[in-house]
Amino acid sequence: MATELAKVTINGKLFEVPKGARLIDVCREKGFDIPSFCYYADLALQASCRMCLVRIEKMPKLQTSCTITVTDGMVVTTQSEEIEKAQRGMTEFLLANHPLDCPVCDRGGECELQEMTFDWGGLEERFTEQKNYYAERYLSPMVANDPQRCILCKRCTRVCDEWMGEEAIEAGGRGAHTVIGTYLGWLDCSQCGNCIEVCPTGTLLDATYRHQTRPWELAQTISTCNFCSDGCQMSVGSRSGEVRRVVARDRYVNGINGEFLCVKGRFGHPFINHADRIRTPMIRYKKGGKLIPATWDEAIRHVATRLDEVAEAHGRNAIGVVGSPRLTNESLHVLRRFATELVGTENYTTTDLYSLQTFFENLGAPLATHRDIRYAKTIVLIGGDPSELQPLTGKQVRQAVRNGGAQLILVNPIPIRLREQAAIFLHTNPGTEEAVLLALADSANDQLAAKKGGINSEHIGKAREMIANTAGDVVVMFSAALSSEAQAVLGQFATVFGGEGRRVLLHPLPLFNNSIGAHDMGMMDRHLSPEQLLDAAGETIRAMYVAGSFLPEHLKDRADALSKLDFLVVQELFENETTASADVVLPAASYAEVDGTFTNNSGQVQRVRQSIPPLHQSKADWMIVAQLAKELGLDFGYELSASAVFRDIAKNVPAYSGMTYPLLKDESQPVQAHYATAASESDGIAELRKQVENLDASGEKITVTPKVGTELFRLGRLTEKVPQFQLLASGNPRPETTAVSPLYQITVLREQANGHG
Amino acid sequence: MRIEAIGCEPLQLRRVHLENSRGLDVYRRNGGYEAIKKVLDGMSPDDVINEVKKSALRGRGGAGFPTGMKWSFVPKDSPKPKYVVCNADESEPGTFKDRYLMERDPHMLIEGMLIAAYALNAKTNYIYTRGEYKYLIDIMDVALEEARAAGLLGSNILGTNFSCDIHTHSGAGAYICGEETALLSSLEGLRGHPRMKPPFPAVSGLYACPTVVNNVETLTAVPDIIKMGGEAYQKLGTEKSGGTKLWSVSGHVNLPGVYELPMGYDDMEKFIFEDCGGMLDGKNLKAVIPGGSSVYIMRADQIAGKDVRMDYEGLVAAGSSVGSGGFIVMDETVDVFESTKNLTEFYKHESCGWCTPCREGTDWLVKVFKRIDSGAGRPEDAQLMLDLCDNIEGKSFCPLGDAAAWPIQSAIKRFPEDFARRLTRNGDGIS
């Protein structure tokens, strides 16, 4: 469809631009700079800062170019004496009550108000009166606030509402005494910190980075987040070998997430430089003994010898190789080569909670990118809770509905927060979402699904109709916890609903930053779960090589499995339940210390870049494995280059063929893995029906919406090392005073309590 | 306190002096609910809109927009519900006419709203009253209940198939909520911030549905327009300003009160010195703010002997405007610097804080006024204030920025002596 063009004259030059385009965007694109604060792409229009004024012929007053859409024959002036006076006047107004304390402001150097003042402000200050005063304060352990610096552009309140759906901050007071704040004096929200990110001044600040460095002293490294599977692009700010902060500011990084990050991505980084990091290789010379520091050579030799012994005594399949879905593709690839080519075992897997292997084997449609989600017309979400587990996806869904008019069909036993956006909410009995999936795919199962799910079969029909009548993209997203039968049907969903003018795109929702990459690297192709491996420990499995560690969920009811092994090697950042049974512990480097790639839930392969040197004696996981392989007699030939490993991946993994690091360089143009898609030959629906018929639907319906943070604040292996997350996990208590850092108050109090106790 | 029609038969003030004037039976005995009967007895919605157009009725809230035209902007084919909202957030300083109308003749407003609702096919309608007018809400609620009981409100009004209802709603005391889009935000339960125009409320107003927002006095004019016909109503006034207008007179006159004058009443000097009983204590006239605080202040010599006609065109020609008809008379004892400072403090207090120029501009201006008041005035302050006003005027999000700038601009230009006296160094008179 060709877009209609409009002729518009800007400053005497004629341009042809799409009709209905926003004037401010058009002017900027054509090279006419227009200042603005409140205008922010894809947020509701505000038109309150009055910086973007232009003169349009035949209109009586100056107009805000952010609210004007281009019409044919429009004549616009963006530069004139009148406009310049207005802009200087606005800047002067904005600075009137601003404290001008740039030298002590954390935002100084990357502040839009500063830049705007240099570019558009007046030369002298005429304001000589007393400024309105408000005290600095903390809004939460993550967000610090200096209300005096605020220019009330309300980007923060809009992202809180439109991106997050939380409405945790709002303006209070009136007129010049308007202050951005919280409802009950304490920020009760998911603590994403996006309000900090979009703030053009030093009003909302990262409380964990307060007065640490000036922004220009930081080295900015563009990298990929290592928490959930969305793969947000971010800029890691480091100084003197220490990661000080993580941001997504568009002046540094421009990825799939724009300026969006969640609480983990933004504030979860302090685990990197944590004092508990394992410093050297360690060997436990006899069971029950202590871990004794060793040199790398010693440790590698020890591992090589012991693995050889086990293989000789019990056969190669007696060795299990386990990787973490947090590792880079490079590490997982080397680990799999190590398992298959060197150890020669069939027993390898990852420590993910769920496998998507069946889904990928039945993949019949492309994976949806986050951009596809934002512009989708219909979104089907089966199970899962992206607002908590894949926050970027959650935000895209919310915006697709709120700003893009998409329809959301929600199939979930829990009334998750996204139900506020849902056009149809199929509230199933616990554990029966797959019944609805079956009915959506095949209407013959409506009655079965209605009975199992405890829902009205008419609503299923309506949902099916909504999908079938969509003009545009249908994105089907689903929790990775669904059974393999369900995954097989989902993979083939396009054959049911694809059609003229309608694309069906799939979006799995695994839990970890490289869950998808682990599949791509073939770590899951044995359909072996970590639980199965653990259950065989001490019997068919005699030794394990673990890069990462087992999750508490895996070890539940299997606490002694690891101690049954003859030999256990663990590569880790921190000591934990898995290293407690290890015979050798090797210090691994975190994502901030290595080069590599992660593959997100859209199948986009994105770069991880080293921002600080590996801490202590730690090494990248793949380097450790490669060194061990060399000791055992196989040289992969990668030397010390992650890009060499990636070249090897591109050669061996068809979905990655042709990819190189230079091709992945631009984070604004992410490269999607090209998965083979094929029509399935097996009758997935019949299989799923059998599965559904046996579902236990006796559970009582869950009617309570989980509180914000239910999943986000649950402490993980990494976040438990971050003191602020400890506060969040303990209910984010409001400290006695908001004038002093809550963390400081609580730590001091705890120490005092201990001292007196 | 005088409440009187001068130069015309009382229309709006016809019943206000009657005993129990707010009762339904008094209203009906005196011509009440005849107009809605006439409307339901064969007039089409378009007929009603045409009569209002012919009447040249202009919005009485302050902006003076032709009411018939406003009504005709409502898209008839929209599938959405339509709303009539009565703006009873009378908060313009110096204005108190709507209060009398609602207090003494509430059924006239109800009838006017019924006719508007009929013309626009609105089923649910609201009267939005400023928070300080709580007692008026009680009066309106009683009247609405009376009307409902008498079959004048609710379903099948007067036995026809026309049904509609009216509800009252209280503001929380913000001046900005008199601005129609902020009023709608507040009515929806949101913060009282103005909204972007376009879309105008006629297309997307309350709950994003077509909505007409009219002032109390505008709506109470409608029954008479229907009864006497649009043309006859227009002829009471001038060609472009039809009918009669209420003026809330306050300040240094002997007979302050609410006056109903025909549009085009000749002239302002006679009005002050004869109708309003002349200046208090025989002092000299210094200044008049004729249309509520947001219009240009006038000097006595712009009035005396100048034949200022009291209608939209006449007042613009004389250098001010009708506004809301809040007629404030000041005698020679008034220091215009003081009165302007007072007004600016009001605008600063009431600025909603949405846009930069109004929020920061009014705050700064008040600070300058206070500094000057404390004796630290500087010769360049007058220019500074004019420049700040210029940076507000025409650049704010809603018209309230302009409303804050105009009184200051006109005061400095028309009463420079009151400012100059303060803007000297060391009181030596050098400016």
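Modeller: Two strands count as paired if DSSP finds at least two bridges between them, and the elements themselves are DSSP runs numbered from the N terminus, helices (H or I) with at least four residues and strands (E) with at least two. This is a predicted model, where local features need pLDDT of at least 70, side-chain atom pairs count only at pLDDT 80 or more, and totals for chains, interfaces and linings use all residues. Residues are numbered from 1 along each chain as its sequence is written, with chains lettered from A and ligands numbered from 1 in the order in which they are written.

Let's start with the sheet. In chain B, strands E6 (residues 244-251) and E7 (residues 257-262) run antiparallel, joined by 6 bridges. Thr244(B), for one, has Pro262(B) in E7(B) as its bridge partner. Both strands belong to an open sheet of 6 strands in chain B with mixed pairing, ordered E1-E7-E6-E12-E9-E10. E1 (2-5) and E10 (298-299) of chain B are the edge strands, each with a single partner, so one side of each has no neighbour in the sheet.

Now the partner chain. Chain B and chain A each put 24 residues into their contact (C-beta atoms, placed from the backbone, within 7 Å). On the chain B side, helices H13 (336-350), H14 (356-376) and H15 (381-392) each give two or more residues, and H14(B) gives the most, with 11.

How values were computed
Contact = placed C-beta atoms within 7 Å.
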